[in-house]
Amino acid sequence: MGKTINAVIIDDNEVVTGSVKKYFSSNAGVKIVESFQDGKEGLDFLVKYVDHYDLIMLDVLLPQIDGLRILEELKARGIEKKIIVLSSYKDDYTIRRAQTLGADYFMLKPFDVNSLENRIKDIFEKDCLAKFREVENIEIEVSTLLHNLGIPSHVRGYQYIREGVLLIYESSKIVTLVTKEIYPKIANKYETTSSRVERAIRHAIEISWVRGDLKLMERIFGNSIDFERSKPTNSEFLTTLADRLRLGKKELVA
């Protein structure tokens with residue numbers, strides 16, 4: 001990334017800010033110069049010390065002044081910085097509004113801090129905006145789809161399924177190699193074992209089969225699944241979701 005990127009994070013979630021600050025404390029590429037849990041305090045700093053930072057990372061829901069209001073104020077004052085919105089809010093209006101107000105990226109919580117670092121690299125590289133927007137849209141679509149399928153984000157298998165679907169989506173060559181290729185990649189990223197990844201995904205699918213939208217499942221899996229007697233295998237679940245995304249079936253999450 002060249003020179004060190006000075007970043008400000010505004011988020012009232014101490015776990016999020018703590019993990020981000022800890023991760024970048026030993027990273028020469030990104031330095032967290034300030035962090036705020038209050039929207040007004042964060043905005044005051046951004047306005048007063050414009051030359052002290054290159055990147056803003058902020059949540060939408062904040063005490064006193066919310067994230068969208070902060071973006072409105074920055075835009076009104078002509079302050080142009082790289083901006084990443086970190087939020088559990090995934091509605092289309094919030095995403096579009098944030099982008100209209102100058103946000104370069106919208107990252108859904110929970111997120112992997114290593115992925116955050118990669119997105120920071122992306123937005124500071126030239127000629128990467130088109131690719132960046134495509135990645136952003138797919139990540140949001142996958143997350144939204146999993147939520148609609150009844151898989152809560154706090155379940156460990158949620159992250160594993162999300163990662164697996166994205167891996168298959170990006171490379172059709174490994175569609176049939178879930179056990180040999182996908183599980184080890186996920187296990188390596190999350191510092192666990194392939195067998196634990198497999199069990200966590202299986203558990204998440206079982207939750208989905210109880211809590212998910214039956215009509216949505218029928219549209220996704222068609223007649224290949226007997227809803228009364230069986231659930232899809234891990235491989236079938238991952239590859240089917242990836243295929244649907246690849247075909248651009250956005251109506252599935254409408």
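K40 sits at 38% relative accessibility, so it counts as partly exposed; that label covers everything between buried, under 20% relative accessible area, and exposed, over 50% (1.4 Å probe, protein chains only). D44 is partly exposed too, with a relative accessible area of 41%. These two form a salt bridge, with their closest N and O atoms 3.2 Å apart. The term salt bridge here means a side-chain nitrogen of Lys or Arg within 4 Å of a carboxyl oxygen of Asp or Glu. Why are K40 and D44 separated by about one helical turn? Because they are four residues apart in helix α2.

Before going on, note that this is a predicted model, where local features need pLDDT of at least 70, side-chain atom pairs count only at pLDDT 80 or more, and totals for chains, interfaces and linings use all residues. Residues are numbered from 1 along each chain as its sequence is written, and side-chain values use heavy atoms, leaving out hydrogens and water.

Now zoom out. The protein has 11 helices and five strands, which are DSSP runs numbered from the N terminus (helices: H or I, at least four residues; strands: E, at least two). Of its 254 residues, 48% count as buried.

A search of the whole structure turns up nine salt bridges. One of them joins K109 to D11, with the closest N and O atoms 2.7 Å apart. K109 is in the loop between β5 and α5 (113–123) and D11 in the loop between β1 and α1 (14–24), so the pair ties together parts 98 residues apart in sequence.

Next, follow strand β5 (residues 105–108). Which of its faces are covered? Both: Y105 and M107 on one side, and F106 and L108 on the other, are all buried. Strand β4 (residues 82–87) runs parallel to β5, and four bridges join them; strands pair if DSSP finds at least two bridges between them. For I84, the bridge partner in β5 is Y105.

Finally, look at helix α3 (residues 67–76), where G67, L68, I70, L71 and L74 are buried. They lie on the same side of α3 because they cover an arc of only 155° around the axis, judged by the directions from the helix axis to the C-beta atoms. Their cover includes β1 (5–10), α2 (39–48), β3 (55–58), β4 and α4 (92–100). Just after α3, G78 takes a positive phi of about 75°.

Conventions. Contact = heavy atoms within 4.5 Å.
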